[in-house]
Amino acid sequence: MSDQLFDSDRVSAGARWRDSTFMRIVREPMGALGIFLVALVVLGALFADFTGYSPIKLAMRDRFLDPSLAHLLGTDHLGRDLFTRVLHGARIALGVAFIATGISFIGGLVLGMIAGYGPRWLDSLLLLVLDSLRSFPTVMLALALVTLTGPSLSAVVLVVVIANLPSYARVVRAQTMALKATEFVLSARSLGARSWRILAVHIMPNLVGPLVIIVAMDIPVVITIEAGMSFLGLGVRPPTPSWGSILNDGYAFIRESSWPAIAGGLPIIIATLGFTFLGETLRDHLDPRLRQDG
Amino acid sequence: MLSYALKRTGLAVVITAISLILLISMIQFIPGDPAAVLLGPLASPAMREAFRQQMGLDQPAIVQILRFFGRVLTGDLGTDVLTNRSVLITVVEQLPYTLALIATSIGWSALLGIPLGCFAAVYRGSLADRIVGVLSVSSIALPAFVVAVYSLLLFSVKLGWFPTIGAGDQGAPLDQLHHLVLPSLAVGLGWVGYLARMVRASMLEVLSENHIRMARAFGLTERTITYQYALKIAIIPTVVILGMGVGNMISSAVFAEIVFARPGVGKLIFDSIATRNYPVVMGAVMITTGFYVLSTLIADLIAAGLDPRVRSAL
């Protein structure tokens, strides 16, 4: 009897593993490719210190070397190993992506719930401000901001938050308004629950799931904004390696050697494609209702 | 329709006004001294003080915002620090280059993306549909500046097919077109995928509706049904997206103009940051933001003209 129980437990554990979201994503070609590319980026960020080169130390004798076993992606105009710089750039890209999306996530959640649950006048006011924030083209906003603050990583994070938070808040607001009219919220209210308790206990848990997917799908956008701003010299300052600044160095010396430009663009392509593929498959499995196409 | 148009235009005006206020109040809220950032570390305290007075930064915030607003309403966006000309003229001079780039990019991406989306919807679930799907997603994910640098490297530096810099000689349309190819490739590529996805999605919705089944029952050819019945309806959300896309394209155009050293508003702003020409930066950002609000307004009005249901939404 006990053996049988043990057996059936094990079978169901195996079935659960085969049916887990992770395995379902891996079975899709696009999902598997996405996980593979994202894993490359994450591993690169983890092992950036073990390539045997410094990402910032100059080696003028080794300028513009072509790729070889010693320098997998060649070297740049200051003789620095491009592979090492690309791996260190992964840290910047992932770091900005997680900090900036985290802040926009929390901010969007809070503002959206306030707009959706609060008084009408506050809702209208918040909507107007959010819509106005959305009316700046992202790069224009970045350029205007950085003229005032000077280039820095926090400027990048600020631009990402201003660019993304309004649409998250709008999604949360719409969902909050829908949930506000549901029976379980009405019954909580009739039992005398306070507004903050209804928001935190009854409404928020229903918002977090869909919002996580939407925010995760924006990670490639955030990586693009960071790389783009660093490409324009508005993000990290040299000699800190960011994929955007590596690409910009490569662009500046594009006639001397193609490799720095290729090395700067490649990780951006890998990361944006990887996170996009992963995000698309994840969304299809977790919440098909969010799909914009049939 | 008229009441919708009036309401929608009113909303656009309010949004433009608020975004201008936000832009100018950024100076107040952002920590740090703009005079120090703009003049660089070598500026003496006296120079910074003079700059603050010249820009009105020593006034209280509310005075600054009101004064600024008054000037914008009269069309005075300030004076170009380098040339002493009006900022408005400096920016408007560069605008045609950017508009040409955006128009070309929208043009070719719509010509390719809309038929691709139709094709994918008609052959739904086929291998071709899946390939179009993956390519669309990939083209949306690729940043414009990577496409710009890679196409510059491949087609200009290595193969020598296209020029690397500038916008071509004035009065030589073919030469100008030749200079537009690579920049508009970079700006428009993501839009091919985006449009294909949008059109596919709305086509699938329309194709499953009753009047399409009716048309089939009457024995109309698939071709007539697809292009004359379904596409007419399915194109409406795409028009709205195209209007919003102009803002996105302004951002991509900044990169394309810088990579290909093309004149244009993006290049102007970028160069003005390097020369610390603060009034030009702010003026150009304001004009492009206004332009973006205007393009979404036009797109919404067109959509409302095409689809009565949109009119009742506001």
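Me: In which hand does α8(B) cross α10(B)?

Reply: This is a predicted model, and in it the crossing of α8(B) past α10(B) is right-handed.

Me: What angle do helix α8 and helix α10 of chain B make, and how far apart are their axes?

Reply: Helix α8 of chain B covers residues 173-207 and helix α10 of chain B covers residues 222-259; they pack at about 160°, and their axes lie 9 Å apart. Angles over 145 degrees count as roughly antiparallel, so α8(B) and α10(B) are roughly antiparallel to each other.

Me: Which residues of α8(B) and α10(B) meet?

Reply: Start with the spacing along a helix. An α-helix has 3.6 residues a turn, so residues three or four places apart point the same way. On α8(B) the contact includes W191(B), L195(B), M198(B) and S202(B). On α10(B) it includes I241(B), G245(B), M249(B) and A253(B). By class, the residues of this contact are 18 nonpolar, four polar and no charged.

Me: What span should helix α5 of chain B have, and where does α5(B) bend?

Reply: Count residues, then check the ends. At 1.5 Å a residue, the 36 residues of α5(B), 87-122, should span 52 Å; the end C-alpha atoms are 51 Å apart, which agrees. The bend in α5(B) is about 30° at L95(B), with a proline, P96(B), following within four residues.

Me: How many residues of chain B are in contact with chain A?

Reply: On chain B 48 residues take part, against 41 residues of chain A. Elements of chain B giving two or more residues to this side include α1 (2-29), α7 (144-158) and α12 (278-306), and also α8 and α10. The side of chain B that touches chain A has 38 nonpolar, seven polar and three charged residues.

Definitions and conventions. Residues numbered from 1 in each chain as written. Chains lettered and ligands numbered in written order. Predicted model: local features only at pLDDT ≥ 70, side-chain atom pairs only at ≥ 80, totals over all residues. Axes fitted to C-alpha atoms, helices over the stretch in contact; angles between N-to-C directions. Parallel < 35°, antiparallel > 145°, perpendicular 65-115°, else oblique. Left-handed = near helix turned anticlockwise from the far one by under 90°. Contact = placed C-beta atoms within 7 Å. Nonpolar A, V, L, I, M, F, W, Y, C, P; charged D, E, K, R; others polar. Expected span 1.5 Å × (residues − 1). Bend = angle between axes of the 7 residues up to and from the residue.
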